[in-house]
Amino acid sequence: AKNKIAQAYYQKTSFEKKYLAIVEGNPKNQKIELNLIRDCIKTEIDENGKKSVTILKNIKSYGDYSLVSLKLLTGRTHQIRVSMEYINCPIVADSLYGEKIEGFSQMLHANEIDFVDMKGNEHIIVTDFPQRFNNFLKK
C-alpha cells in the first residue's frame, strides 16, 4: 500500500488466494482444518496453535501424483505444506515437509488472487500454468 489509509484498508479486507500444487498420491476433495504453531523453521500441528483452514480440490490424477487446487481461508506460515503432509500427500519436491527431488523446485504455485479495492472494484488476477509443472509431469 502507498499510504497508511490504504494499508489499514487492505489489512482488514479479505483476499481470496488459490494455489496449484502437484502432490504425491490421489487426495480426495476436502476441507483441512488444523491448529498450527510456528517452531523455528517448521510449522507444527499443535492443539494450542492458531486455526488454519484449507480447501483442497483434486483436479487430475497422474498415476502416483495429482494436480490439486488449494484455497486458503486463513493465512498461516507453511499452512499448505503442513496440511498436505498431514493428509499423507506432501507437495512434490518440498524438501522441508516432503522429499527433495534433484532438478525440481517445490511444486507449489500461487495462481489466483481475488480482492476488492478501495473504490469497490473487484480484481481477479490469474497466472499461467507453470512450465515447471509441465516439465515434471512429462518426466
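Predicted model: local features only at pLDDT ≥ 70, side-chain atom pairs only at ≥ 80, totals over all residues.
Let me zoom out. The chain has three helices and seven strands. If you read along the sequence, you get α-β-β-β-β-β-α-β-β-α. The C-alpha trace spans about 50 × 40 × 25 Å along its principal axes.

So what order do the seven strands take in the sheet? They go 3-2-4-5-1-6-7, in an open sheet with antiparallel pairing. The edges are strand 3, at 42-45, and strand 7, at 122-126, and each of those pairs on one side only. On average, neighbouring strands here are turned by 30° against each other, ignoring direction.

Back to strand 5 for a moment. Strands 4 and 5 form a hairpin with two residues between them, and in the turn glycine 63 has a positive phi of about 70°. Six of the eight residues of strand 5 are buried, so this strand is largely enclosed by the rest of the structure.

While we're in this part of the sheet, look at serine 52, which sits in strand 4. Is serine 52 buried or exposed? Its relative accessible area is 0%, so it counts as buried. Leaving aside neighbours within four places in sequence, serine 52 is in contact with Ile32, Glu33, Leu34, Leu36, Thr74, Arg76 and Gln79.

Now the helices. Helix 2, residues 79-86, lies across strands 1, 2, 3, 4, 5 and 6, and runs at about 115° to strand 2. Helix 3, residues 131-138, lies across strands 1, 4, 5 and 6, and runs at about 20° to strand 1.

Which residues touch the most other members of the largest nonpolar core? Out of its 26 residues, the answer is Leu70, Ile80, Met84 and Ile91. The elements giving two or more residues to this core are strand 1, strand 2, strand 5, helix 2 and helix 3. Strand 1 gives the largest share, with five residues. Take isoleucine 91 as an example: not counting residues up to four places away in sequence, Ile91 touches Ala21, Ile22, Val23, Ile80, Arg81, Met84, Gln106, Met107 and Leu108.

A quick word on cysteines. The structure holds zero disulfides. Cysteine 40 is exposed, with a relative accessible area of 69%, whereas cysteine 89 is buried, at 7%.

Last, some totals for the whole chain. Of the 139 residues, 35% count as buried. The chain exposes about 8,800 Å², with carbon and sulfur atoms supplying 47% of it. And of the contacts with a separation of 6 or more, 59% are between residues 24 or more positions apart.

Definitions and conventions. Residues numbered from 1 in each chain as written. Heavy atoms only, no water. Disulfide = S-S within 2.5 Å. Buried < 20%, exposed > 50% of the residue type's maximum accessible area, 1.4 Å probe, protein only. Pairing = 2+ DSSP bridges. Helix = DSSP H or I, 4+ residues; strand = E, 2+ residues; numbered from the N terminus. Axes fitted to C-alpha atoms, helices over the stretch in contact; angles between N-to-C directions. Contact = heavy atoms within 4.5 Å. Core = buried A, V, L, I, M, F, W, Y, C linked by side-chain atoms within 4.5 Å. Areas by Shrake-Rupley, 256 points an atom, 1.4 Å probe, with all protein chains shown as cover.
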